[in-house]
Amino acid sequence: MSGMVTTEALRAFIARCYIAAGVPAADAATVAGLMAEADLIGADGHGVFRLPQYIRRIRAGGMNPRAVPRIVEERPAAALVDGDNGLGHLAVTLAAQTAIAKARSQGVAWCGVRMGNHAGPASLYARMPMAAGMIGLYLAVGSANHLPPWGGLELLLSTNPIAVAVPTEHEPPIVLDMATTVAAYGKVKVKAQRGESMPEGWMIDRLGQPLLDPKRANEGLLLPIGGYKGYGLALIFGLLAGTLNGAAMGSDVVDFNADDSSVTNTGQAILAIDIAAFGDPAAFRARVDALARELRGSQRLPGVDRIFLPGEQSHATRARRVAEGIPIPPPLRATLDGLAGELGVTPLFG
């Protein structure tokens with residue numbers, strides 16, 4: 001039942017599922033490309049794994065398949081995108097493209113998103129300015145609350161991730177992509193589908209004891225990184241990506257894992273920094289290369305084989321999966337085969 005699939009085959013499968021669900025072909029191709037890229041870089045909880053859920057939300061009326069994201073507020077170095085309750089990838093892509101264009105003339109630009117939806121891994125969008133030779137920063141409000149305020153029990157915050165992508169000359173790019181919780185909830189969902197246990201430290205139950213069974217995740221609380229510091233980051237990132245944009249935050253956040261029909265009004269934000277506004281871009285990239293080599297070559301603790309920089313392992317995963325294919329575990333393949341049957345499209349391994 002398990003197998004490897006090429007990037008092209010995965011993109012084509014995702015696109016035909018969206019088209020069958022009423023998404024215009026051009027939008028389907030855009031989102032399919034981004035979802036396949038998520039799988040290529042090893043973000044297995046945010047790629048094709050999410051397709052059944054997105055399709056389910058479209059079919060239940062919770063998401064607009066023919067949305068037209070648009071800019072609703074604009075200044076020379078800022079903009080606000082309304083996602084029209086469509087696929088989140090489309091709204092954030094427009095925000096990233098807008099930020100890049102504005103940063104070319106202004107040096108820096110910030111774009112927010114409201115009325116969006118879950119859009120996959122944060123690094124996809126931080127990498128967009130990086131591909132244009134800039135530094136990219138992305139923030140988002142998670143699509144379900146699994147984090148209480150520090151010391152509390154009420155789930156009022158989410159994983160609220162941050163990603164930052166910095167270009168290099170010869171070294172793998174520096175790409176930080178992290179949730180403000182020890183584990184992103186997507187990783188919990190992957191563990192549940194695969195029948196695996198969670199490591200201690202990801203979640204606790206409501207008595208403060210470790211929770212290891214991902215199928216009981218709805219009984220527990222995600223733990224923030226760094227204790228109260230992670231809670232503070234989750235709050236601030238949510239204010240910047242959600243509240244500032246008029247998007248959902250706190251008790252307004254809809255649990256899109258449990259509710260397919262309600263509008264989520266998910267918020268995101270992206271910052272593009274044009275390196276040329278601060279000096280020679282090539283010289284900057286060379287300095288980043290030198291720093292990367294210095295860190296990697298620094299003295300290691302006993303038993304440590306290699307010091308990694310943020311993004312190195314996803315960079316290596318991408319190269320390997322481009323060459324060898326993207327692994328589709330048996331439980332996911334069965335789910336995707338079922339989805340293909342429901343939509344009347346050729347299955348992934350058809």
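Select strands β3 and β4 (residues 108-116), which pair in the parallel sense over 5 bridges; strands are DSSP runs of E with at least two residues, numbered from the N terminus, and two of them pair if DSSP finds at least two bridges between them. Within β4, R114 is the bridge partner of D82. The model is predicted, so local features need pLDDT of at least 70 and side-chain atom pairs count only at pLDDT 80 or more, while totals for chains, interfaces and linings use all residues. Residues are numbered from 1 along each chain as its sequence is written, and side-chain values use heavy atoms, leaving out hydrogens and water.

Next, colour β3 (residues 78-82) by accessibility: 4 of its 5 residues are buried, meaning under 20% relative accessible area (1.4 Å probe, protein chains only).

A78 in β3 is the bridge partner of R75.

Move on to Y18. Leaving aside neighbours within four places in sequence, Y18 is in contact (heavy atoms within 4.5 Å) with residues including V23, L51, Y54 and L87.

Y18 is also one of the residues with the most contacts inside the largest nonpolar core, which has 35 residues. Such a core is a set of buried Ala, Val, Leu, Ile, Met, Phe, Trp, Tyr and Cys residues joined through side-chain atoms within 4.5 Å. Among the elements that each supply at least two residues of this core are α1 (7-20) and β12 (326-328). Apart from it lies another core, of 31 residues, including V81 and Y138.

How values were computed: Buried means under 20% relative accessible area, exposed over 50%, partly exposed in between (1.4 Å probe, protein chains only).
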